[in-house]
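Visitor: I have not seen this structure before. Please take me through it step by step.

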Amino acid sequence: MLGINGTEMLILVVVALVVIGPKRLPEYAQKLRDLVRQMRRMAEGAKDSVRRDFGDDFNDVDWQKLDPRQYDPRRIVREALVEEDSAIRESKLREQSTPASDKPAQAIDSEGSTDLADSAAESRPKTLSPIERFQAQTVLRDRSINAPFDTEAT
């Protein structure tokens, strides 16, 4: 609460008791109570006016999902890679599931010669998803060597 720990709060209360004194303490306690109640009423009024302004859509918002403390960059990157990976796999499945009659039987290159489209597809390098590339690099990495560290970059 405002960067004040329990010990500091106790010291502030004791100082307030000494400064205010026992005669005026009930009067100031009542003023504090009225101030807190007024602040609560103002906060509730602001909430109600926002709900009126936004209408029914305001109740459908998942506020916890929009909390900035919930953002984890590693999770966001991981989800993006999984989405890209699934999109790549879906496109590969669509390519494999198309019938042979839909594919062109021959492809004409710049010299005018014809090749089978299937042989051209086989000669192309296989595209890996980002997760598959990461897994392949992880296997090749030598863990006995430390990663390079540039002291001037930090």
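Guide: One definition comes before the rest: a salt bridge is a side-chain nitrogen of Lys or Arg within 4 Å of a carboxyl oxygen of Asp or Glu. The model shown here is predicted.

Visitor: In what order do the elements of the protein chain run from the N terminus on?
Guide: The protein chain has five helices and two strands. Read from the N terminus on, the order of these elements is α-α-α-β-β-α-α.

Visitor: What share of the residues of the protein chain count as buried?
Guide: Buried means under 20% relative accessible area. The protein chain has 154 residues, and the share of them that count as buried is 4%.

Visitor: How many salt bridges does a search of the whole structure find?
Guide: One of them joins the side chains of Glu 27 and Lys 31. Another is formed by Arg 33 with Asp 34. For the whole structure, the search gives a count of four.

Visitor: Why are Glu 27 and Lys 31 separated by about one helical turn?
Guide: The side chains of Glu 27 and Lys 31 meet in a salt bridge, at 3.6 Å from N to O. Both residues are in helix α1, and their separation is about one helical turn because they are four residues apart.

Visitor: Are Glu 27 and Lys 31 buried or exposed, or something in between?
Guide: Buried is under 20% relative accessible area and exposed is over 50%, with partly exposed in between. Glu 27 has a relative accessibility of 40%, so Glu 27 counts as partly exposed. Lys 31 is at 47%, so Lys 31 also counts as partly exposed.

Visitor: How far apart are the closest N and O atoms of Arg 33 and Asp 34?
Guide: Arg 33 is partly exposed, at 40% relative accessibility. Asp 34 is partly exposed too, with a relative accessible area of 36%. In the salt bridge of Arg 33 with Asp 34, the distance between the closest N and O atoms is 3.5 Å.

Visitor: Which helix holds both Glu 79 and Arg 75?
Guide: The side chains of Glu 79 and Arg 75 meet in a salt bridge of 3.2 Å, N to O. Glu 79 has a relative accessible area of 40% and is partly exposed; Arg 75 has 29% and is partly exposed. The two residues are four apart, about one turn of the helix, and both lie in helix α3.

Visitor: What area does the nonpolar surface patch with Leu 12 have?
Guide: Leu 12 lies in helix α1, residues 6–54, and is partly exposed at 47% relative accessibility. Met 9, Leu 12, Val 13, Leu 17 and Leu 25 together make the patch, whose area is about 390 Å².

Key
Residues are numbered from 1 along each chain as its sequence is written. This is a predicted model: local features need pLDDT of at least 70, side-chain atom pairs count only at pLDDT 80 or more; totals for chains, interfaces and linings use all residues. Side-chain values use heavy atoms; hydrogens and water are left out. Patches are made of residues with over 30% relative accessible area and no salt bridge: like charges are joined within 9 Å, nonpolar side chains (Val, Leu, Ile, Met, Phe, Trp, Tyr) within 5 Å. Accessible areas come from the Shrake-Rupley method with a 1.4 Å probe; for residues, only the protein chains shown count as cover. Buried means under 20% relative accessible area, exposed over 50%, partly exposed in between (1.4 Å probe, protein chains only).
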